[in-house]
Amino acid sequence: KTDVDQLQAQLLGIEEGASDYLASVEFSGMIREDAATGFVPFREVWNMSKSKAGGAGWLVAGVQSL
C-alpha cells in the first residue's frame, strides 16, 4: 500500500509518430510506502504511448526515477 500526500504532474512533451503518440510526464510529490515511516519525496518521469488506431487509451511505456 502506498499513501500519497502530495502529487504534482507536468507534461514535459508530446510527439506524434507514424502510428502513435508519445508523451512524457514528470510526477513528483510526497509518498509513504510503509505505515511505520514518514512521507518521503519522489520524482519520476513516465513515458506513455497511445495508438492512433482504435479507441485504446494511454499505455505506460516506461518509468524513470530521478
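A residue is called buried when its relative accessible area is under 20%, exposed when that area is over 50%, and partly exposed in between, using a 1.4 Å probe and protein chains only. By this scale Tyr21, with a relative accessible area of 31%, is partly exposed. The structure is a predicted model, in which local features need pLDDT of at least 70, side-chain atom pairs count only at pLDDT 80 or more, and totals for chains, interfaces and linings use all residues. Residues are numbered from 1 along each chain as its sequence is written, and side-chain values use heavy atoms, with hydrogens and water left out.

## Strands and their pairing

Strands here are DSSP runs of E with at least two residues, and helices are runs of H or I with at least four residues, numbered from the N terminus. Two strands are said to pair if DSSP finds at least two bridges between them. Strands S1 and S2 pair in the antiparallel sense over 12 bridges, and a hairpin of 3 residues joins S1 to S2. Within this pairing, Val4 has Ile31 of S2 as its bridge partner, while Gln6 has Met30 of S2. Of the 14 residues of S1, the number buried is 0, so S1 lies largely in the open.

Strands S2 and S3 also run antiparallel, joined by 12 bridges. Here Asp20 stands opposite Ser51 in S3, and the bridge partner of Phe27 in S3 is Glu44. S3 in turn pairs with S4 in the antiparallel sense, over 6 bridges, with Asn47 having Gly62 of S4 as its bridge partner. As a general point, the side chains of a regular strand alternate between the two faces of the sheet.

## Aromatic side chains

Rings of Phe, Tyr and Trp (for Trp, its six-membered ring) pair if their centres lie within 6.5 Å, and planes under 30 degrees apart count as stacked, over 60 as edge-to-face and the rest as tilted. A search of the whole structure finds 1 aromatic pair. The rings of Phe27 and Trp46 have centres 5.1 Å apart and planes at 65°, so the pair is edge-to-face. It links distant parts of the chain, since Phe27 is in strand S2 (residues 20-32) and Trp46 in strand S3 (residues 40-51), 19 residues apart. Phe27, at 17% relative accessibility, counts as buried, whereas Trp46, at 28%, counts as partly exposed.

Tyr21 is likewise found in strand S2. A charge is taken to sit over a ring if NZ of Lys or CZ of Arg is within 6 Å of the ring centre and within 35 degrees of the ring normal. Lys52 lies over the face of Tyr21, at 5.4 Å from the ring centre. Tyr21 also belongs to a nonpolar patch on the surface, formed with Leu11, Ile14 and Trp58, and together these residues have about 410 Å² of accessible area. Patches are made of residues with over 30% relative accessible area and no salt bridge, with like charges joined within 9 Å and nonpolar side chains (Val, Leu, Ile, Met, Phe, Trp, Tyr) within 5 Å. The accessible areas come from the Shrake-Rupley method with a 1.4 Å probe, and for residues only the protein chains shown count as cover.

## Salt bridges

A salt bridge is a side-chain nitrogen of Lys or Arg within 4 Å of a carboxyl oxygen of Asp or Glu, and by this rule the count comes to 4 salt bridges.

Asp3 lies in strand S1 (residues 3-16) and Arg32 in strand S2, so their pair ties together parts that are 29 residues apart in sequence. Lys1, Asp3 and Arg32 are linked in a network of salt bridges.

Lys52, at 35% relative accessibility, counts as partly exposed, whereas Glu16 is exposed, with a relative accessible area of 57%.
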